[in-house]
Amino acid sequence: MKIVVTGGAGFIGSNLCRTLLTRSAVDEVVVLDDLSTGFRENLDGVPVELVETSILDDDELDRALVNAQSIV
C-alpha cells in the first residue's frame with residue numbers, strides 16, 4: 001500500500017511516517033511538504049520519497065498521488 005503524507009517533514013508528520021513504515025501492509029510512503037515549517041532533516045534515515053512542493057501545486061500533487069491508497 002502506498003500512503004502519501006502531507007506535511008510529512010514536520011515533527012508529527014515525520015513520526016507518522018516512521019510508524020507507518022513499521023506496518024507490514026505499507027510498501028511505500030511519499031511525503032509531500034513545501035518545507036515552510038518542516039525540515040528535511042526530520043526524515044533522515046527514513047526511507048520515504050520527499051516531494052518538495054505545495055499541496056496547491058496540482059501537477060505535483062497529481063504525480064505524488066498516483067497509485068496511492070491513502071492520504072494523510
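Two residues are in contact when heavy atoms lie within 4.5 Å. By this criterion, in the predicted model, Ser-14 touches Gly-8, Asn-42 and Leu-43, leaving aside residues up to four places away in sequence. Ser-14 is part of helix H1. Its relative accessibility is 2%, and residues under 20% count as buried, so Ser-14 is classed as buried. The Ser-14 side chain also reaches the backbone oxygen of Gly-10, at 2.8 Å.

The sheet was examined next. Strands of a sheet pair through backbone hydrogen bonds, in either a parallel or an antiparallel sense. Here the sheet is open and has 4 strands. Their order is E3-E2-E1-E4, and the pairing is parallel. Strand E3 (49–52) and strand E4 (70–71) stand at the edges. Each has a single partner strand, so one side of each lacks a neighbour in the sheet. Strand E2, residues 28–33, pairs with E3 in the parallel sense over 4 bridges. Within this pairing, Asp-33 has Glu-52 of E3 as its bridge partner.

Helix H1 (residues 11–20) packs on the sheet. Helix H1 touches strand E1 (2–6) and E2. The direction of H1 makes about 170 degrees with that of E1. Helix H2 spans residues 58–65 and lies across E1, E2, E3 and E4. Helix H2 runs at about 145 degrees to E1.

Charged pairs were then considered. Side chains of opposite charge can pair when their charged atoms come close. A search of the whole structure finds 2 salt bridges. One of them joins the side chains of Glu-52 and Arg-40, at 2.6 Å from N to O. Glu-52 lies in strand E3, whereas Arg-40 lies in the loop between E2 and E3. The pair therefore ties together parts that are 12 residues apart in sequence. Both partners are partly exposed: Glu-52 has a relative accessible area of 48%, and Arg-40 has one of 42%.

Glu-60 is partly exposed, with a relative accessible area of 24%. Arg-63 is exposed, at 52%.

Notes:
Residues numbered from 1 in each chain as written. Predicted model: local features only at pLDDT ≥ 70, side-chain atom pairs only at ≥ 80, totals over all residues. Heavy atoms only, no water. Pairing = 2+ DSSP bridges. Helix = DSSP H or I, 4+ residues; strand = E, 2+ residues; numbered from the N terminus. Axes fitted to C-alpha atoms, helices over the stretch in contact; angles between N-to-C directions. Salt bridge = Lys/Arg side-chain N within 4 Å of Asp/Glu carboxyl O. Buried < 20%, exposed > 50% of the residue type's maximum accessible area, 1.4 Å probe, protein only. Polar contact = N/O pair within 3.5 Å; in protein donor to acceptor, adjacent residues only side chain to side chain.
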